[in-house]
Amino acid sequence: MEKYYIIGAKQKNQILKDWEQYQNGLIIKVSPENKTAVKCVEYTSPPEVCPEEDPSISFTAGTVYNNHLYVGTQTEVLIYSLPQFKIINSLSIPSFNDIHHVRPTEEGNLMIVNTGLDMVIELSPNGKILKEWDVLGGDPWTIFSRTTDYRKVPTTKPHQSHPNYVFKIGGDIWATRCLQKDAVCLTKLNKTINIGHQLIHDGVVFGNSIYFTQVDGHVVVVDIHSLQVKYQYNLNNMNDSKIPLGWCRGIKIINQDQVIVGFTRIRPVKKTEADGTISWEGGYGVLPTRIACFDLKKGKQLWEQQVEEYGMNAIYSIHSENESDI
């Protein structure tokens with residue numbers, strides 16, 4: 001059975017705001033056949049590209065291409081050679097805030113989802129900004145300031161869109177918009193993929209389909225030509241536990257029917273009452289952070305592997321060792 005790189009983060013011990021909660025970025029290589037894993041990278045961003053107090057450091061959704069891994073932290077883009085995981089390039093510019101996805105282009109540039117500023121940036125290998133798109137279709141700098149170093153800003157929430165993934169259909173560039181529950185074409189703004197129902201992540205093109213995850217445990221498959229939803233799969237009905245699966249994000253397509261999906265353990269939300277008392281809503285997720293393989297056509301879970309014993313508490317993306325398609 002193939003081995004997979006899982007990209008994510010290790011959380012801090014205490015319960016903190018979501019923009020403070022992760023201690024470092026983490027990449028592990030899992031072997032589902034024998035349910036083992038090895039740690040490939042544990043990474044901490046340097047202080048000069050982080051907020052001064054309680055910075056959150058994690059790896060977010062990456063891309064494996066041509067024996068390289070392209071991945072972001074909240075404020076950096078890193079390129080690793082594989083399988084040695086040697087850093088061959090790192091980039092950070094003042095507008096970076098809450099990066100969620102990095103992918104290379106055919107020309108050798110970098111497409112970066114800069115979630116904190118609701119934009120997608122095309123960057124040259126030496127860090128020159130080539131293009132900026134506001135995913136809502138306006139001027140990226142109407143709300144934000146070009147003179148601010150957003151790497152030092154702990155959070156820009158609430159976001160207006162919260163884009164989290166960039167992909168291509170033909171020559172067009174698309175971004176997945178979490179809050180709008182859709183994907184929008186950045187190069188032809190009149191084109192959208194409407195999904196609805198719940199917050200979405202991913203946007204993985206496979207053959208004639210695009211695969212999206214939704215945080216409540218759904219996988220949505222869209223036709224690449226009509227841009228219409230073909231299938232909606234509820235993974236909750238394919239698991240025997242009958243309890244919330246966790247925060248569903250990150251998907252690896254094995255074939256048109258089988259997928260591997262990441263689940264991050266649900267954390268409680270702190271709520272302060274009017275009288276100053278504190279309560280926690282949502283409880284603590286029963287199921288651990290893990291990956292699970294599903295046969296969508298047969299409607300059943302094939303296997304799962306938890307990753308918390310290897311220090312991983314959040315999953316952003318899942319990759320084969322030898323991916324080559326962007």
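In the predicted model, strands β13 (residues 172–177) and β14 (residues 182–185) run antiparallel and are joined by four bridges. Within this pair, arginine 177 has aspartate 182 of β14 as its bridge partner. Both strands belong to an open sheet of four strands, ordered β12-β13-β14-β15, in which the pairing is antiparallel.

Strand β18 pairs with two strands described here. Strand β17 (residues 209–214) runs antiparallel to β18 and is joined to it by six bridges, with serine 209 bridged to aspartate 223 in β18. The hairpin of β17 and β18 has three residues between the strands, and glycine 217 in this hairpin adopts a positive phi near 95°. Strand β19 (residues 229–234) is likewise antiparallel to β18, through five bridges, and valine 229 in β19 stands opposite valine 222. Five residues separate β18 and β19 in their hairpin, where leucine 227 in the turn shows a positive phi of about 60°.

Strand β1 (residues 4–11) is also largely enclosed by the rest of the structure, because seven of its eight residues are buried. Antiparallel pairing links β1 to strand β26 (residues 314–320) over six bridges, and histidine 319 in β26 is the bridge partner of tyrosine 5. Antiparallel pairing also links β1 to strand β2 (residues 22–31), here over eight bridges; leucine 26 in β2 is the bridge partner of glycine 8.

The cysteines were examined for covalent links. A disulfide is a covalent bond between the sulfur atoms of two cysteines. The structure contains zero disulfides. For cysteine 248, the closest cysteine sulfur is that of cysteine 178, at 12 Å, which is too far for a bond. Cysteine 248 has a relative accessible area of 0% and is therefore buried. Cysteine 50 also counts as buried, because its relative accessibility is 6%, where the cut-off for burial is under 20%.

Conventions:
Residues numbered from 1 in each chain as written. Predicted model: local features only at pLDDT ≥ 70, side-chain atom pairs only at ≥ 80, totals over all residues. Heavy atoms only, no water. Buried < 20%, exposed > 50% of the residue type's maximum accessible area, 1.4 Å probe, protein only. Pairing = 2+ DSSP bridges. Disulfide = S-S within 2.5 Å.
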